[in-house]
Amino acid sequence: MQVQRPALVAEQRQKLNPRMLQSIKILALPVAELTEEIQAELEANPALEVVDDRTEDSLEAYSEERLDSSADIWDDENADFEYKSSGDGDEDSKHKFLEGAISLPETLQEHLLTQLRILPLEEKLLGLGERLIQNLDEDGFHITPPPELCPQCPAELLEEAIGIVQRLDPQGTCCANYLESLAIQARLAPHAPEGTLEVLSKHVESLEKGRFADIRKALQIKDPQFQAILDFIKTLSPFPGRHFSTEKTRYVIPDLAIRIEDGEFIIELNDEIIPVLGINPFFAKLSGEKTSDRSRKAANAFVRDNIEKAKFFIGSIQQRNQTLLNVAKAIVKHQGAFFLQGPKAMQPLTLKDIAQEIGVHETTVSRIANGKYVQTDWGIFEIKRFFTNAVASTASSAEVHSKEGVKAVLKEIIESGGETIASLSDRELVDILARRGIKIARRTVAKYRGELSLDSSFGRRKH
């Protein structure tokens, strides 16, 4: 009989203390999120304050070499608001308040539920319809398949509820995918040309590849009728729910700017929106006082603890900025051709290359590059875009192409214009690239097109 007995096992584990975790977090923060983190730390730590002098003693302890840059100082005067009210102006004040109130956009679910609840439906059908609407993603499609969402529901009742939601505005929601949505919209349209449903259900692949002759032959229709079908399909929305998307627009704030002046690379750190931090003088004074009073000792311990946290926070920010500059310098060294000639000249580069260059771990480079942007003469690029894999070459020389460089060449070919270019298939694009010394497969061309948001030859001919 096997008996389980307790046993002691010695093992080593590496644990990060809260300060190290905070330092890692700051390293990964883009400049916009860093300002939010600073604001949160200012509210949590009374020993930390905003100053306008970079020669503060508390900063010198952590950095002998300063980064020459300017920063905005938070002005408390800008945060002052004055409210006035009077008995005679109550209605006026109320009216102004309502005008200034924040207006939230209506969601797809709210829009559909409002319509559903005014329909004369039985309680069971209404409840099922509400459940289906709450199960829609931002495109208007099912998140969970309806039979799994309500396994006990009779199939007839489920189909009836789905049909009701599909007819609500916008039509074509509550579907499995965009193909079903297009078919539903065409079925509900009173003036859909004859043959539209057959094209959407049986000939989508031919439609996407531009094989119009095959479709006309299969449907036995003439050009004017087929053109009417095409024109109608263009009016349909493949993702009807996106009109109600509440996702906020995010504006990119570059963390760095790299430009060329007089033949030299200039790297600038964007710290103008980062407040200059220092130690509160009152706390610094308290930390130097000595006392034998027990209550004062507890207060001094609190003061010293917060000062240490403030110093570490300031040091973490400076370490982040210096690492970011070091990575930028190494990227310029390896990708100098990009800054001179543009994306087509981007060279293969890995995280390991930069990590070895500046003497840090690859994960550190990954954290500093992800989510941060650099402004160049060729536009604003995410730093991680400079890390790109190599692509095979057909040239007899040892020339190497990067993935981003090949994508730039592909985009240039497709966007060069002209009917001839518009009709080029992915296979023909493969041949053109091969003549330029770039060897990639047809499916790779299709993949790169998708990443560049470029249409297929059929889509390009439509435009």
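This is a predicted model: local features need pLDDT of at least 70, side-chain atom pairs count only at pLDDT 80 or more; totals for chains, interfaces and linings use all residues.

1. Cavities. The count comes to 2 cavities of 30 Å³ or more. The second largest cavity holds about 40 Å³ of space.

2. Lining of the second largest cavity. Its lining consists of Leu256, Ile258, Ala328, Ile331, Val374, Ile383 and Phe386. Strand 2 (256–261) and helix 15 (294–334) are the elements that contribute two or more residues to this lining. By residue class, the lining comprises 7 nonpolar residues, with no polar and no charged ones.

3. Peptide bond geometry. Most residues other than glycine have a negative phi, and most peptide bonds are trans. Against that background, the bond joining Asp169 and Pro170 is cis, with omega about 0°. Pro170 is placed in the loop between helix 8 (155–167) and helix 9 (178–188).

4. Positive phi at Gln220. Although Gln220 is not a glycine, its phi is positive, at about 55°. The residue belongs to the loop between helix 12 (212–219) and helix 13 (223–234). Is Gln220 buried or exposed? Gln220 has a relative accessible area of 72% and is therefore exposed, the cut-off being over 50%.

5. Positive phi at Asp262. Asp262, likewise not a glycine, has a positive phi of about 55°. Asp262 is found in the loop between strand 2 and strand 3 (264–269). With a relative accessibility of 80%, Asp262 counts as exposed.

Technical notes. Residues are numbered from 1 along each chain as its sequence is written. Side-chain values use heavy atoms; hydrogens and water are left out. On a 1 Å grid over the protein atoms alone, a cavity is a set of points where a 1.4 Å probe fits but cannot get out, and a pocket is an open set with protein on both sides within 12 Å along at least five of seven lines; lining residues have an atom within 4 Å of a point. Grid points are joined across faces, edges and corners, and a volume is the space filled by probe spheres set on the points. Helices (H or I, at least four residues) and strands (E, at least two) are DSSP runs, numbered from the N terminus. Ala, Val, Leu, Ile, Met, Phe, Trp, Tyr, Cys and Pro count as nonpolar, Asp, Glu, Lys and Arg as charged, and the others, Gly among them, as polar. Buried means under 20% relative accessible area, exposed over 50%, partly exposed in between (1.4 Å probe, protein chains only).
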